[in-house]
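Hi,

Here is the model I promised to send over.

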Number of protein chains: 2
Amino acid sequence: MPQLRRDPIIGRWVIISTERAKRPIEWGRKESTSQISPEYCPFCPGNEKYAPHEIFAIGKPGRQLDTPGWEVRVVPNKFPALVVEGDLNKRGIGLYDMMNGIGAHEVIIETPDHFLRMSQMTHDHIKKILIAYKERLADLKKDIRFKYIMIFKNYGEEAGASLSHSHSQLIALPVVPKRVNEEMTGAKRYYEYRDRCIYCDIIAQELHSRERVIIDERNFIVVAPFASCSPFETWIIPKRHCSDFLKITDDELNSLSVVLGKILKKIDICLMNPSFNYIIHTSSFNNLENPYYHWHIEIMPKLTKIAGFEWGTGFYINPTPPEEAAEYLKGVD
Amino acid sequence: MPQLRRDPIIGRWVIISTERAKRPIEWGRKESTSQISPEYCPFCPGNEKYAPHEIFAIGKPGRQLDTPGWEVRVVPNKFPALVVEGDLNKRGIGLYDMMNGIGAHEVIIETPDHFLRMSQMTHDHIKKILIAYKERLADLKKDIRFKYIMIFKNYGEEAGASLSHSHSQLIALPVVPKRVNEEMTGAKRYYEYRDRCIYCDIIAQELHSRERVIIDERNFIVVAPFASCSPFETWIIPKRHCSDFLKITDDELNSLSVVLGKILKKIDICLMNPSFNYIIHTSSFNNLENPYYHWHIEIMPKLTKIAGFEWGTGFYINPTPPEEAAEYLKGVD
């Protein structure tokens, strides 16, 4: 069973995933499972048997589980970082804290088409992916062992994707990740001081200056954040204050499908199909609805290598000013 | 002039380095300056003219500046992330905070031999590198604009090294990096509660359990930390409580040269010459000598890709339990 261990100094939780253990000799080998052909791809229609049993799908009415005919499909991760069965058994070893690695780790297969990138999908199709996110979130939230659910996408080998077939992932966690805590604490501090949501203030300031706004849509803005830590970092922020992604309205969901498709297409054209990650940032379950936090999506193209300096300091060097990145991204469609 | 910008939510500082700006089209190109030959290498003896003027060197007595005959040599970074000249001009733009990118960015050329890795150097030679670190630290500390100095090494392309000739880097910063603040705050909190240094307690617990100890030397222990966030992460911790790296004794410096050489050799053999980063973690200047923080070196072999999940959560998945990593590293010499 995997373990969750807490760094005693900075409080960061780490999953020590024994199920994935590699011997040192294996680290030398370059894996390119990314380049697997559709014939053997566990995410392609007809190969449903190569993946674990499906949890959720959007597809033809009356279609049978684990058969073709789906448009978006959710399955457990075959090599999960956390396992669903068991209890947490929180414990200490001397000054160290740990618990069992209980959680859910699911894969959202975004399309039956092995070669289609998200940047090439229709808005209608992207909406179905977002609906799958919502459905799984709403379902897993009921499990009282979980404190946070992270939805993210790794696209391309440089961004950590191990299969090229378009997919996102979901991890339900029994602890709130450090970064989420930091964001919520930072936003709360600002709220206590000014009685306003910091993200709402950022939206107002960005719409006023326009320097870093890439897309200004009815329900969302897309900006290159002022203190971007990597080149072409991009945030999608809903204009309406809302701390919980699950509370997105149907109108906003339509807008988000359009806006997400648009910005990914811009990034794809501008940076020539780069690897990227995106993450949905939303409130932790212990404080879902609040006036200070504001859900949003952060997109990070993977263009630079994270070096020792960045890793050890949390202090990033970004060679591209966000104003320039915004200018470039605005210019392509 | 580069800028320092502060993330308004989580408080992280970012260097926006306009001097290094690349157009989007350039991101597509794979650079391999790493593989430059000694003939053109700016760090090789005889090519001193290709690098900025030297700041410090250890070499033959009576040798002239910027000429061969050195064993370790320090020069300014040719493409510095921060610049030395100017004042900080701290300012706000609406809710954002920024200042000029004032700082020092230097390169410690560790050897005249283009092909020699640190893991292959003698202990005597490694000691000279450590002396160069100390000398530069002591000198830059006098500049009252600087609040922290980070010394780190990126080895190999995967770890962000742009030249293969063995070198380390030093960045002097006008702000304390977030991660350093977190470590110092975490250590202080523990101290307030228990009246003991957490690192001293870790040393005691690790020496008692032995599960994660790789090297137990007179003055230092080398351990795979309990909550390692990446495979084969390794910390070198001095046994004597000391918050400031500059206060290392000569006896400890000898020990550190031996221990650093040994662990790098173990990592080199065990993981077949992997890319890695190391960083010296020491107190910030505003609180150099204190009973709660404990300087140390963190070494991170670069074996896994940092994916979206890790980036967005500060929550790492480590496939190799540190107990196993310690076992492997103990077994090779």
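Which residue is the bridge partner of B:Arg73 in β7(B)? It's B:Ile109. Before the rest, some housekeeping. This is a predicted model, so local features need pLDDT of at least 70 and side-chain atom pairs count only at pLDDT 80 or more, while totals for chains, interfaces and linings use all residues. Residues are numbered from 1 along each chain as its sequence is written, and chains are lettered from A and ligands numbered from 1 in the order in which they are written.

Back to that strand. Helices (H or I, at least four residues) and strands (E, at least two) are DSSP runs, numbered from the N terminus. Strand β7 of chain B covers residues 104-109, and six of the six are buried, so the strand is largely enclosed by the rest of the structure. Strands count as paired if DSSP finds at least two bridges between them. β7(B) runs antiparallel to strand β4 (residues 70-76) of chain B, with four bridges, and antiparallel to strand β9 (residues 167-173) of chain B, with six. In β9(B), B:Ser168 is the bridge partner of B:Ile108.

Strand β11 (residues 220-223) of chain A pairs with β12(A) in the antiparallel sense over four bridges, and A:Val222 has A:Ile236 as its bridge partner. β12(A) also pairs antiparallel with strand β14 (residues 296-301) of chain A, over three bridges; there A:Thr234 stands opposite A:Ile299.

Now the domains. Chain A is divided into domain 1 (3-18 + 30-175) and domain 2 (182-330), with bounds from an automatic or database domain assignment. Their C-alpha centres lie 22 Å apart. The contact takes 25 residues from domain 1 and 22 residues from domain 2, where contact means C-beta atoms, placed from the backbone, within 7 Å. On the domain 1 side, α2 (123-140) and β8 (148-155) each supply at least two residues. The buried residues of α2(A) include A:Ile126, A:Lys127 and A:Arg136, and among the elements covering them are β4 (70-76) and α5 (250-270) of chain A.

Finally, the two chains together. 76 residues of chain B are in contact with 76 residues of chain A. Helix α3 (residues 178-194) of chain B gives the most to the chain B side, with seven residues. Strand β15 (residues 316-318) of chain A and strand β2 (residues 13-16) of chain B pair in the parallel sense over three bridges, with B:Ile15 as the partner of A:Ile317. A rotation of 180° with 0.0 Å of shift along its axis superposes chain B on chain A (RMSD 0.0 Å), by least squares on the C-alpha atoms of residues with pLDDT of at least 70 in both. The two copies are thus related as by a two-fold rotation axis.

Cheers

Terms used. Contact = placed C-beta atoms within 7 Å. Buried ≥ 20, exposed ≤ 12 C-beta atoms within 10 Å, placed from the backbone.
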